[in-house]
Amino acid sequence: MPQLSNDYAKLSVSGHSHLFKDQQMLINGATESAASGKRIEVTDPTNGLSLGSVPAADHADVDKAVRSARRAFDEGPWKRMTAGERERLILKLADLVERDRVLLAEIEAVESGRTLGVAQAFDSDLSVSVLRYMAGWTTKLTGKTMPISVPYAPGMKFFAYTLLEPVGVVAAITPWNVPLCQATWKIAPALAAGCTVVLKPAELTPLGALHLGKLVLEAGFPDGVVNIVTGVGEIAGAALAAHPMIDKISFTGSTAVGKRIALTAAKGLKKVTLELGGKSPMVILQDANLANAIPGAALAIYANHGQNCCAGSRLFVHRSIFEQVVAGIADIAGKIVLGSGLDSATQMGPLASKQQQQRVLSYVNGGLEAGAKLLVGGTALDHEGAYVRPAVFTQVNPSMAIYREEIFGPVLVAMPFDDESEALRLANDTDYGLGASIWTQDINKAHAFTNGFRAGTVWVNVHNVLDMALPFGGVKNSGMGQDLGEESVLQNCQIKASVINLS
């Protein structure tokens, strides 16, 4: 039986030396406290114990960081560096993240509640991949030449071309569910484009980002190119989004906050990339390979404790196999081993905080009150950790909150369907549009659902596979713009056109 509270004796010497202390922000190449002196306690969600504290930045600290990034962009050596020099710095940062991969995984496992293996795969190792992939784009951002015809200037000859230039200072605001990787998702494409960055990590999980800041300094980035401020979203995040010297905001988080950021950005005509909430459907057709579909659907909702914006939280199964599929997923859910992230026997740790635990449990209770049937899970452990047993609901309908709203926890709702047009209609009957998956052995049906889903990403016989080269973003209330891929770099650029008179 795994331990429910983290055993800190299992941490490496390096892990011990980086946790359980008061941390500092990174502004203009130096470590800084908040001007007010206020701090935020970071806690371990397995037991509520303190992991140390970080500065509680306010408007003054944010202003200092943004002005530092502005100077670095307008006047500093970053602007004068060649693309190859910037590429080598980003690659150096990737090497340092790889060197510290175990340390970073320990930090993220302890502060977020996730298992050490998951944190190493999706925070440490994926961050290395993101940085290396994006570094390659620094030398590949090119404009175009084009013949132009100017009807009001007959006889004159022109040479016209475009340039891709960095947009300027980027505000990167990241969530707590995959903390370090989300930070590199934002920072790496902005640096590849030649921008400077002010990062505000989530107040629940800032420690990995602050260590990343130390590696930025070690890699030799010029002062002010990357700044990291810590604080609560309502104060530090809002001040960062509203700052007049910010040229672009890149935000991952809830739809409600994303909409407020979009309004703020509109007032200043700032560019935005918003990767927001989801209520992603999974459709399992009658011909699906159930040996693949049942564990695949379970993984789609329970991976990362369901704290995943594109988690497969709505399941639609052909009525002829509905009972078999749901029973199979419920069996998997009931056998998932809960425990602390540092215990190798753990399959699922606690949610990120007691507040998140209460949010998820309130949805479970609301579903029961609305008449849904709970097959398994949906309860807390008798422990101070923020644990919730993975749940499966049936007998749901589209009017229920557990069906319509993003829970961001290990809660699956399942419904049967009779024909494929009904399945597609149910899948698209949502305010969100981040991801969707279709499970079938019929390639024609796979293409039909891929074309029919209203979602930014569609998976076939798998769910939630991401790659550095593949753009990731949503439609409807799931946001605008893309993270990852070439598109994420281009969204940190602006086009400049030039016309030369050759007459």
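This is a predicted model: local features need pLDDT of at least 70, side-chain atom pairs count only at pLDDT 80 or more; totals for chains, interfaces and linings use all residues.
By class, the residues around the largest cavity divide into seven nonpolar, five polar and two charged.

**Cavities**

- Five cavities of 30 Å³ or more are found in the structure.
- The largest cavity has 14 lining residues. Those nearest its centre are Gly278, Ala311, Ser313, Glu406 and Phe408.

**The largest pocket**

- The volume of the largest pocket is about 1,200 Å³. Its lining is made up of 36 residues, and Trp176, Phe251, Gly253, Ser254 and Val257 are the closest to the centre.
- Four elements each supply at least two residues of this lining: helix 9 (233-242), strand 11 (248-252), helix 10 (255-268) and helix 13 (354-369).
- Helix 10 gives the largest share of the lining, with six residues.
- Sorted by class, the lining of the largest pocket contains 16 nonpolar, 13 polar and seven charged residues.

**The second largest pocket**

- The second largest pocket has a volume of about 810 Å³.
- The lining of the second largest pocket consists of 37 residues. Phe122, Ala303, Asn304, Asn308 and Asn464 lie nearest the centre.
- Two or more lining residues come from each of helix 6 (116-135), helix 7 (179-193) and helix 11 (290-302).
- Helix 11 provides the largest share of this lining, seven residues.
- In the lining of the second largest pocket, 23 residues are nonpolar, 12 are polar and two are charged.

**Glu203**

- Glu203 sits in the loop that runs between strand 9 (196-200) and helix 8 (207-219).
- Glu203 counts as partly exposed because its relative accessibility is 27%, which falls between the limits of 20% for buried and 50% for exposed.
- Leaving aside residues up to four places away in sequence, Glu203 touches Ile40, Val42, Gly231, Val232 and Gly233.
- The side chains of Glu203 and Lys200 are joined by a polar contact of 3.2 Å.
- Trp78 and Glu203 are 125 residues apart in sequence, and their C-alpha atoms are 29 Å apart in space.

**Cysteines**

- How many disulfides does a search of the whole structure find? The search finds zero.
- Cys195 takes part in no disulfide, and the nearest cysteine sulfur to its own, 6.6 Å away, belongs to Cys493.
- Is Cys195 buried or exposed? Cys195 is buried, because its relative accessible area is 0%.
- Cys493 has a relative accessibility of 4% and therefore also counts as buried, since the cut-off for buried is under 20%.

Terms used: Residues are numbered from 1 along each chain as its sequence is written. Side-chain values use heavy atoms; hydrogens and water are left out. On a 1 Å grid over the protein atoms alone, a cavity is a set of points where a 1.4 Å probe fits but cannot get out, and a pocket is an open set with protein on both sides within 12 Å along at least five of seven lines; lining residues have an atom within 4 Å of a point. Grid points are joined across faces, edges and corners, and a volume is the space filled by probe spheres set on the points. Ala, Val, Leu, Ile, Met, Phe, Trp, Tyr, Cys and Pro count as nonpolar, Asp, Glu, Lys and Arg as charged, and the others, Gly among them, as polar. Buried means under 20% relative accessible area, exposed over 50%, partly exposed in between (1.4 Å probe, protein chains only). Contact means heavy atoms within 4.5 Å. A polar contact is a pair of N or O atoms within 3.5 Å; within protein, one must be able to donate a hydrogen and the other to accept it, and residues adjacent in sequence count only if both atoms are side-chain atoms. A disulfide is a pair of cysteine sulfur atoms within 2.5 Å.
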